[in-house]
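Me: I am new to this structure and would like to learn how to read one of its helices. Could you take me through it step by step?

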Amino acid sequence: MSRLTAVNIFRVVLAFVFWLFTAFYVLVIGVGAKKKKVIFEGLLYAAVFIAALSISGASGAFAGIGVMGLSAVRSYMLRDLWLPRRIRKSQRRETFQAYAPTPIPSQQPPAATSAAGLSDDLGNTLIWVSSQAKANKRRLPADTYITILETCQLLDSVIDAENRQPSADARFEYELEAVVREYLPAVLQGFLAIPPSMVEIRQPNGRTPNEELAEQLRLLLGQAETLHSTRHSQTSADLSTTGNFLRERFGHHQPGGFDFGIK
């Protein structure tokens, strides 16, 4: 990987042309990279530099030059934020393949599994996903942490409903297991495997890993909402069916007597 790109050369030229504003470089880098700590550091350098300008004499000049030198050194140390490396096509392809979740081979839905076994296994997977999201909260892009927790909450509700009253629907259980056991962990693991310095680099599809993560989590949240709606709609329908049966069976008794539905 090399930093020798047209954009990076242009940025370095600008840095030399506007060398008088060296004290503000760290602030500009922080704003461009949206890094709060770097922004705060840059504001500190800028404030000290402005204060040095207000001091007359050699002390003010030495202070200003010192801040400019320190800012220049820090700008070099933060070069990954404003002078990104150029990645070869083969390396981009390898990074993208490492990030993309491994799809499940096309196959027929398996037979329905034990409700207790399904609940324990998938529940533990959701606990692992939630703990990984919490442990890496600062690495996740904005809103994706909340999306993961919402997805886990919906899926946990579906698993709980399956545990209380199994649907005995093999296709539904297959889709639930695929989302919980395969897709959700794969997306999170794939993103965390990418170095933080590369999450803003655009892939061959034109998106950055940060954008890919947000998009894939939105899709999984939508699937979780579908599973949640389908499962609880079926529960409501089953209750209505039971009610219709009871009304037909026992709703015709006459006042003053008992009718046990025996004819």
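Predicted model: local features only at pLDDT ≥ 70, side-chain atom pairs only at ≥ 80, totals over all residues.

Me: Which residues of α4 are buried?

Reply: The general idea comes first: an α-helix has 3.6 residues a turn, so residues three or four places apart point the same way. In α4, the buried residues are G60, G64, V67, M68, S71, R74 and S75. Seen down the axis of α4, these buried residues fall within an arc of 130°, so they line one face of the helix.

Me: What do the buried residues of α4 pack against?

Reply: Their partners are α2 (25-33), α3 (36-53) and α5 (79-82).

Me: Where does UniProt place the feature "transmembrane region", and how much helix is in each span?

Reply: The unreviewed UniProt entry places it at residues 12-31 and 38-55. In the model, residues 12-31 are 65% helix and 0% strand, with end C-alpha atoms 17 Å apart, while residues 38-55 are 89% helix and 0% strand, with end C-alpha atoms 26 Å apart.

Me: Is G190 buried or exposed?

Reply: G190, which lies in helix α9 (residues 170-192), counts as buried because its relative accessibility is 6%, and the cut-off for buried is under 20%.

Key. Residues numbered from 1 in each chain as written. Heavy atoms only, no water. UniProt positions renumbered as here; feature names shortened; annotations may be inferred. Helix = DSSP H or I, 4+ residues; strand = E, 2+ residues; numbered from the N terminus. Buried < 20%, exposed > 50% of the residue type's maximum accessible area, 1.4 Å probe, protein only. Arc of directions from axis to C-beta. Contact = heavy atoms within 4.5 Å.
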